Amino acid sequence: MGALRSLIEEATSTDPSWMSDEELHDEAIEISRAIDVLEHRLAEVGHLVRERGTYRKAGYLSAVAWLAHTTDVDDSTARRLISTGRALETSPATKRVAGEGELSRARVRILTRAADAHPDQYASHEDMLLELARELRMADFRKAVVYWSNCADAERAEHDAAQQRAVTRLRASQTFGGMLQIDGSFDPESAEIILKALDAAMTPEARRDGATEDLRPAPKRRADALVQICRQYLAAYPGVVGGHRPHASLIVDLDTLVGRDGRRCDLSRTGTITPETALRILCDAEVSRVIVSGDSAPLDMGRAVRTATPAQRRALAIRDGGCVREGCDRPPEWCDVHHREHWIFDGETNLEDLELLCRPHHIEEHEKNPVGPGPPCRR
């Protein structure tokens, strides 16, 4: 190892700032190739330490712990190196080209994962896969190996695909400042649909001919595209949710609109906005007036109807803000209108007798207080 250290010191003795552009290019290639060879060597060493149980003599519980501590890497890197070493030991041709520096560590990693997953098939197709590793670009090579793996074990591939679909997630949380933070993971099929839709929405017709340059950074264009997709979806939504077509709801009082100190200027899901933003939204919006007292809106329907009217639903959305159960944060759109005193037992469809309950809490309420002979359904 002293000779190796001497070679490293000799190779790094020259100040790179004195090198020409061509020399810097060649230097980068040589350094990368040397790192590849040394990493593959380290993977072999880690595997041998595991096989021999050498780590136990040094007082470690696992080869991963020994390698992580000895080389000052994290556990996941140590585990990957040992796994690579194990796969190289059972794949002689791959081990040879890795040791000679013909393939980058990234390409060898792809090959060794394939060898670990399908050892018998890899042994039969090793030469073909090595040829692909030499000839294809990295992105194409990765796709080729995934395709090969799917063909090698179709049943496992379908199981993995089902697992990916099962863990597809989208999380949306509101920050203290009112922004919405979105984070998620999607299986390849869902991801393809999402990316295609975003690509289409990120490239408006006016810019496709290159006549107008779009200076927005890609993350900003992607965010704007998602909003546009959602706008179009809501505009074309064929049904109703919670008694009306789904839409963004702005609740603002008259004092706010005319420039006086008002009480409310809120979007129903995301909270308070500025009066200027409210006025901009109202420039192109359907306006529904809700008066909580007086005769301008049919809020008191008595026994004439059993179900709440759209005007009553809007009033309940403003009054209750969603499910009234303590600790429940489901919005009005996800709620049913519940009669505190059931309509069958002379309850009236008036605001005083109505409240919003989400579907689970609504079901729970009726299971605790079933409709039938005896006391009426009460909250």
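Reader: How many disulfides does the structure hold?

Author: This is a predicted model, and a disulfide needs two cysteine sulfur atoms within 2.5 Å. The sulfur of Cys 335 has its closest cysteine sulfur in Cys 323, at 5.2 Å, which is too far for a bond. For Cys 358 the closest cysteine sulfur is also in Cys 323, at 3.8 Å, again too far. The number of disulfides is zero.

Reader: Is Cys 358 buried or exposed?

Author: Buried means under 20% relative accessible area. Cys 358 has a relative accessible area of 0%, and therefore Cys 358 counts as buried.

Reader: Which residues of helix H9 are exposed on the face turned away from its buried side?

Author: Helix H9 covers residues 138–152. Its buried residues are Phe 141, Val 145, Trp 148 and Ser 149. Seen down the axis, these fall within an arc of 100 degrees, so they line one face of H9. The face turned away from them carries the exposed residues Lys 143, Tyr 147 and Cys 151.

Reader: Why do residues three or four places apart point the same way in an α-helix?

Author: The reason lies in the geometry of the turn. Residues at that spacing point the same way because an α-helix has, per turn, 3.6 residues.

Reader: What is the accessible area of the nonpolar surface patch that includes Leu 170?

Author: Leu 170 lies in strand E1, residues 169–174, and is exposed at a relative accessible area of 56%. The patch also contains Leu 180, Ile 182, Phe 186, Ile 194 and Leu 226. Together with Leu 170, their accessible area is about 530 Å².

Methods:
Residues numbered from 1 in each chain as written. Predicted model: local features only at pLDDT ≥ 70, side-chain atom pairs only at ≥ 80, totals over all residues. Heavy atoms only, no water. Patch = residues over 30% accessible without salt bridge, like charges linked within 9 Å, V, L, I, M, F, W, Y side chains within 5 Å. Areas by Shrake-Rupley, 256 points an atom, 1.4 Å probe, with all protein chains shown as cover. Salt bridge = Lys/Arg side-chain N within 4 Å of Asp/Glu carboxyl O. Helix = DSSP H or I, 4+ residues; strand = E, 2+ residues; numbered from the N terminus. Buried < 20%, exposed > 50% of the residue type's maximum accessible area, 1.4 Å probe, protein only. Expected span 1.5 Å × (residues − 1). Arc of directions from axis to C-beta.
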